[in-house]
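Please find below a colleague's note on the model.

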Amino acid sequence: MIKKLSFFLIASLLFSQILAAESSTDNRAALNLFKKHCASCHGEDRLGLIGPPLIPQSFKRLKPAGAEQVIKDGRAATQMPSFKATLSDPQIKTLVDYIYTKPVKKPVWGMTEIINSHTITNPPESLGNTPIFKADMQNLFLVVETGDHHVTLLDGDKFEPIYRFKSHNALHGGPKYSKDGRYVYFASRDGWITKFDIYNLKVIADIRVGINTRNLAVSDDGKYIIAGNTLPHTAVILDARNLSPVKLIPVVNDHGKSSRVSAVYTAAPRKSFILALKDFPEVWEIPYNNKTSDNKPPSFKIRRIELNNYLDDFFFDQSYEHIIGAARPEGEQHPQGGQVISLTSGKKIADIDLPGMPHLSSGISWKYKDTRVIATPNIKEGLVSIIDTRNWKIIKKIKTKGPGFFIRSHEKSPYAWVDVFFGPNKDLVHIIDKQTLEIVKTLKPAPGKTSAHVEFTKDGRYALLSIWENDGAIIVYDAQTLKEVKRLPMKKPSGKYNVYNKTHLEEGTSH
Ligand code: DHE
């Protein structure tokens with residue numbers, strides 16, 4: 001407790017020193033503008049909250065002119081709005097100059113800070129091995145409610161909440177289950193990783209791995225967690241038992257250039273972690289099952305796969321043999337379109353005609369005629385691309401009412417559900433027939449309110465959809481008749497995660 005208190009005292013002291021130093025410069029006007037318009041999402045210290053850090057380290061690809069454009073027009077497939085109506089051109093210029101200025105004190109988060117943040121609330125061996133409540137443990141959902149930073153454990157048969165608990169602020173990305181579904185690991189944008197025991201409804205441990213974190217992945221053998229950071233430019237491997245740190249990996253290339261991590265995943269069939277990087281065009285593969293004779297952790301040796309373009313938004317095919325991705329244009333010249341990388345050869349094997357994908361892990365897959373297709377929404381246009389995995393050709397572009405964030409289905413469902421997250425039609429959800437590749441129905445569950453992110457029950461009979469508002473809801477639909485079955489009030493339920501579907505790598509959801 002004392003350790004934790006002194007850690008927070010030091011952190012807030014450092015933070016107030018940074019603010020004091022910054023406000024004593026002539027930057028006062030810029031600071032005021034920043035506080036008024038940017039701080040609530042990017043943090044007063046510019047180190048990121050629900051938005052990314054805004055310090056020079058984060059702008060390795062984005063030039064000041066590009067940043068001005070982003071402030072003016074907003075950023076596709078993110079929560080960044082347009083400030084064209086609120087800020088004048090000189091004000092935008094002042095802000096851009098400010099965010100390209102180095103913070104007075106370099107933000108540091110190394111092994112010492114990581115170790116000092118570690119708290120084990122309930123050692124796993126102190127807790128019983130039988131669930132303390134009755135439910136089908138494979139058909140549970142965790143619903144992340146970002147409205148008031150809570151998580152609800154939902155019974156997937158009765159659609160009734162079992163337990164609700166406080167999380168760290170701004171959880172982002174899917175929580176990841178251990179293979180048996182007993183434990184779950186969460187990552188918050190401000191760097192905290194939490195391990196929670198679903199059987200006992202108790203937090204096991206917490207650790208802060210970075211100042212700004214992308215997401216986490218769990219090794220297929222359940223032994224290791226990896227978290228990827230955007231600040232500092234590191235990845236951190238933890239022991240899954242109690243989150244003790246095992247290895248800090250600086251994300252640096254052969255020329256000494258460092259990079260933000262765009263995402264980390266576990267490629268279960270390959271027994272490795274895959275890291276996508278934002279600031280140099282490489283994908284890293286880190287095997288986690290090479291055995292050591294003395295029972296020590298594996299070496300986590302990095303295999304670097306060099307690419308000829310960045311991979312910002314991407315997903316895997318069902319076998320985890322291929323990565324399908326695209327770069328985001330950021331005021332720089334990048335070759336247009338998507339690419340397919342073979343993880344076996346480490347080479348690009350095809351180009352794909354994609355106008356940019358919306359969000360990481362957005363692709364889903366199903367059997368179509370005599371082939372298997374992958375479907376993804378796109379950030380630039382209201383369309384879903386259907387890709388034939390035999391030859392990586394687009395076989396259909398399904399027009400939608402606007403760019404979507406998430407597409408979801410289930411092996412047992414004839415439909416794929418895609419949201420229209422952005423723009424005037426944010427309250428619509430399209431239902432696509434997986435065999436005709438046509439939209440067969442468009443739902444408007446709560447007029448004027450954003451509807452997004454669907455997840456199915458274990459058996460695929462029901463689909464759960466979020467109404468993405470502070471006074472929002474989870475709506476349960478019969479996945480065959482498409483009729484509403486139940487509405488549960490929730491506080492901005494950003495995502496929901498079914499134990500069985502996630503741990504069995506169901507083809508209709510992200511893993
Ligand atoms: Fe996400 C997953 C990155 C903006 C809600 N998002 C992910 C993952 C990544 C990612 C790398 C996969 C992690 C995982 O599941 O392990 N997200 C990004 C971005 O780069 C982007 C576009 C910009 C950013 O600000 O980081 C972005 N994401 C958002 C949002 O604005 C959303 C809608 C609201 C929020 O919480 O910030 C959002 N992201 C989600 C959700 C998932 C997610 C709900 C998990 C989906 C799933 O079903 O697994």
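The points below take up selected local features in turn.

1. This is a predicted model, in which local features need pLDDT of at least 70, side-chain atom pairs count only at pLDDT 80 or more, and totals for chains, interfaces and linings use all residues. Residues are numbered from 1 along each chain as its sequence is written, and side-chain values use heavy atoms, with hydrogens and water left out.

2. Rings of Phe, Tyr and Trp (its six-membered ring) pair if their centres lie within 6.5 Å; planes under 30 degrees apart count as stacked, over 60 as edge-to-face and the rest as tilted. The count by this rule is 21 aromatic pairs. One of them is the stacked pair of Tyr-163 and Phe-165, at 5.8 Å centre to centre with 25° between the planes.

3. Phe-165 is also stacked with Phe-196, because the ring centres are 4.0 Å apart and the planes stand at 5°. Phe-165 belongs to strand 4 (residues 160–166) and Phe-196 to strand 7 (residues 192–197), so the pair ties together parts 31 residues apart in sequence. Strands here are DSSP runs (E, at least two residues), as are helices (H or I, at least four), numbered from the N terminus.

4. Phe-165 is buried at 8% relative accessibility and Phe-196 is buried at 2%, whereas Tyr-163 is partly exposed at 32%. Buried means under 20% relative accessible area, exposed over 50%, and partly exposed in between (1.4 Å probe, protein chains only).

5. In helix 5 (residues 89–99), the buried residues are Ile-92, Leu-95, Val-96, Tyr-98 and Ile-99. Seen down the axis of helix 5, these residues fall within an arc of 160°, so they line one face of the helix; the arc is that of the directions from the helix axis to the C-beta atoms.
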